[in-house]
Amino acid sequence: MSDPLTDLVGLLRPRTALWKRIDAAGEWSVGFTAAHGVKFGVLTRGNCLLLADGPPLRLNAGDFLLLCGPAPFRFASGPDVRPVEGEALLAEVSDNVIRLGSNTDDPVRLIGGAFLLEPADHDLLHHLVPDRIHLPGTADGTARIARLLDLIGDEATADRPGAAFVLPRLVEVMLVEALRSERVTPPRGMLRALRDPNLGAALLAFHADVRHPWTVAELATAAHLSRTVFAARFAEQVGTTPVAYVLAWRMALAKDALTHSDQTIEEIARTVGYGSASAFSNAFHRFTGSRPGRDRRLLHAAGEAAGKSATSMVNRHATPNAGWMPSRRS
């Protein structure tokens, strides 16, 4: 049986893990520009600040961090240290290690990476999950994520047959582990709704049968709530109406099928719950401003461009061997 979190990660198709390491001491600060995709990291030694939208976040050894928003961010020893540009530093080294500071007091080591998403799904991610996930080293699930990071790092920096299959699966599992952690309590979105037994039941019912012509009343029945209470609670917890959520999810599935399948428009229409190709095409046009046939060509072009960009990034961030990435325990 399908569930919303599994569906979300499957739809995002995370791929292409890129690795970097920051070794720093003394006073230091390094910034990274806005970029789509998901950034993740673990602090293996020392402590530092994450400076992004909102108040500074103190990171301690063992903490895991996931950044889903496109906003710029920086790591620093203190809030007032002027940052250097991280990507420029990476372009100057061959081992993907950023070294900052000249003394050996309070050494900090942060191992991070990023994976790319389908171009069409950036907005979906940012609307359904929090921009920032911070799991302290003592949190349930962090130890499992640490083991996955070791495996991902080993697989990403080795040259083994089957790596193109194994690496995306490991990244998907890591993303699921981070998103389902009980420490993740976003103010709004799918993850918050899944914490609510009533709303979670409605989401499970919808995701199990997307083709069904769901009404708000039927979803409320699945949630064991009155229609009025369900609609109000859904809007409060998810940040959108049940009808808008259903439409957005169906359109995300349609974009995925247009990009990755050979299904006809009529077949896609039936898959996402429309009785005819024309009804689907009209709904798709209202939602995206484009017809499915034209959007298919654009999505294919965007996918090819993203693939070339990913290949370029992998080549630029390639590591000569696996030894540069130490274990979390180092």
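Predicted model: local features only at pLDDT ≥ 70, side-chain atom pairs only at ≥ 80, totals over all residues.
Residues are numbered from 1 along each chain as its sequence is written. Local features need pLDDT of at least 70, side-chain atom pairs count only at pLDDT 80 or more, and totals for chains, interfaces and linings use all residues, while side-chain values use heavy atoms, without hydrogens and water.

**Exercise 1.** Describe how helix α7 is placed against helix α9.

Solution. 
- Helices are DSSP runs (H or I, at least four residues), numbered from the N terminus. Here α7 covers residues 197-208 and α9 covers residues 227-238.
- Their axes, lines fitted to C-alpha atoms over the stretch in contact, come within 11 Å and cross at roughly 90 degrees.
- Therefore α7 is roughly perpendicular to α9 (65 to 115 degrees, on a scale from 0 to 180 between N-to-C directions).
- Contact (heavy atoms within 4.5 Å) involves Asn198, Leu199, Ala202 and Leu203 of α7, and Phe230, Arg233, Phe234 and Gln237 of α9.

**Exercise 2.** Compare the span of helix α5 with its expected span.

Solution. 
- α5 (residues 163-179) has 17 residues.
- The expected span is 1.5 Å times one less than the number of residues, giving 24 Å.
- From first C-alpha to last, α5 reaches 24 Å, close to that value.

**Exercise 3.** Which residues have the most contacts inside the largest nonpolar core?

Solution. 
- Such a core is a set of buried Ala, Val, Leu, Ile, Met, Phe, Trp, Tyr and Cys residues joined through side-chain atoms within 4.5 Å; buried means under 20% relative accessible area (1.4 Å probe, protein chains only).
- The largest has 50 residues, and Phe64, Leu66, Met174 and Phe230 have the most contacts inside it.
- Its largest share, 7 residues, comes from α5.
- A second, separate core has 19 residues, including Trp28 and Phe73.

Notes:
Helix = DSSP H or I, 4+ residues; strand = E, 2+ residues; numbered from the N terminus. Parallel < 35°, antiparallel > 145°, perpendicular 65-115°, else oblique.
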